[in-house]
Amino acid sequence: MAVKSEVKKKKIVIQTIMYGAITAALYAAVFSFANPITELFSRGGFYAALPIATVFVFSFAHGAFTSNLWSVLGIVAITKRPTERPTVSVPRPTQRPRARLRMSA
Amino acid sequence: MTDHALEAVKFIDLTWMNVSFLFIVGFIGGLVSGFIGSGGAFVLTPAMMSLGVPAAVAVASNMCHKFPKAMVGAYKRFKYGQVDLKLGVVMAASATVGVQAGIKIQEMILTKWGEAGSNLYVSLSFVVVLLFVGGYVFYDAWKSSKSEGGDPVPKLARRLQAINLPPMIHFKTANLTISLWFTIPVGFATGLLAATIAVGGFVGVPGMIYVIGASGLISSASELVIAFLMGLGGTVKWAMHGMVDIRLTLIILAGSLLGVQLGAIGTTYVKENMIKVVMGTIMLIVAVSRALAVPQYLTQLGLMSADQTLLSILDMVSFATMCLALAIGAVIIIGGMIKGKRAELAAQMAESYEHV
């Protein structure tokens, strides 16, 4: 059991490093050419697709990195049993169930 | 398109101070958004403007970061079984109409009373809506924290759910059935507010809780779906006018993706009531912040006279109060998470002792 969780932890660490490297590379790429990229992305019209596609790519890489990072730091969701919302008190039936006669032979 | 970005020299130079400031505000905004489904945007736009970013670029760049952040938050909370996708999509559809109506109202006010009139309308909307809705959310959170029975379905929602007005829609995750006609006004109001104060969630989430009858957890998670769809639509519009400063967007996104994940995880650490506490607190403080900005616009419209120094102090205090609202929200969330984690550890310890 402990071995299994160790392997899982190692896998998360590797994924964090991998996505972290991808995110860092993406940020470095954009900010190394910040001025021409900003100029190109703000031309309007069909160039609107560029900033939108960029944020999708960044949110995939950076989103995966941050998700793994919190897991590595031990901040993971607590799985709780879903609680039923209290409902209004059910009105009592106005009629009593009829008494039945049971005959046993 | 003639309004290309660099022609108007609207992009600021970035310094390490600017970058750090935007990253931190992005992180806190993301944390709050991940937790209550909205928020953050109302501080980010003025924060960017305080650095010298023109209003249109600030709004566009903020919106361009908002929809991927909401997408990541919604995905995370979907994995926890908190998102009602159908509820989010139905609400977003009517919210789109609300946004158009909101823009029309804004245009009318702008034509009639100019920029100061428009700013006054925005600030008064902030004050009135946030004071009433936020006040009620806070009161309800306080009331349910006192009661032992948990978080029951509100009376109004129960009554509306009982009315059989076709088409009736069943929302599986939210576990409720309600007429489409009752979801439309909530979505419309969300869009109207989003077009006015940029944070539709301040009406959307309470609307889903008190009118539709979804729980706070489901409402705040489904609000992220609405934010994603509306944010994407808004970004397409702004980007087609070349208003997005991708550098600002990516810096905020770097912080907010860290925050939104933490906020989403945080919802599993705390009692459901906590979402209402955070939302009500932030709304009430923001209402105060906007109330402080009202004298400035009244003076600009010639409806009152005030000393310029006093007005600039009020403006600074208003911005600081807005940042404070976000910071207090973040402190409550992190505090709640620490408390939740401790309780979980204590429960684990007790369980392990029982097994010994």
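Predicted model: local features only at pLDDT ≥ 70, side-chain atom pairs only at ≥ 80, totals over all residues.
Residues count from 1 along each chain as its sequence is written, and chains are lettered from A in the order in which they are written. Local features need pLDDT of at least 70, while totals for linings use all residues.

**Exercise 1.** Work out how the axes of α6(B) and α7(B) are arranged.

*Solution.* Start with the two helices (DSSP runs of H or I, at least four residues): α6 of chain B spans residues 180–197 and α7 of chain B residues 201–212. Next, take their axes (lines fitted to C-alpha atoms over the stretch in contact, with angles from 0 to 180 degrees between N-to-C directions). These come within 8 Å and cross at roughly 165 degrees. So α6(B) and α7(B) are roughly antiparallel to each other, a label for angles over 145 degrees. Finally, who touches whom? The contact (heavy atoms within 4.5 Å) includes B:F182 and B:L193 of α6(B), plus B:F202 and B:M208 of α7(B).

**Exercise 2.** Find out which helix gives the largest share of the lining of the largest pocket.

*Solution.* First, the pocket itself (on a 1 Å grid, an open set of points where a 1.4 Å probe fits, with protein on both sides within 12 Å along at least five of seven lines; lining residues have an atom within 4 Å of a point). The volume, meaning the space filled by probe spheres set on the points, is about 1,800 Å³. Then look at the lining: 47 residues, with B:T45, B:V59, B:Q106, B:T196 and B:A198 nearest the centre. The largest share, 13 residues, comes from α4(B), which covers 85–146.

Technical notes. Heavy atoms only, no water. Parallel < 35°, antiparallel > 145°, perpendicular 65-115°, else oblique.
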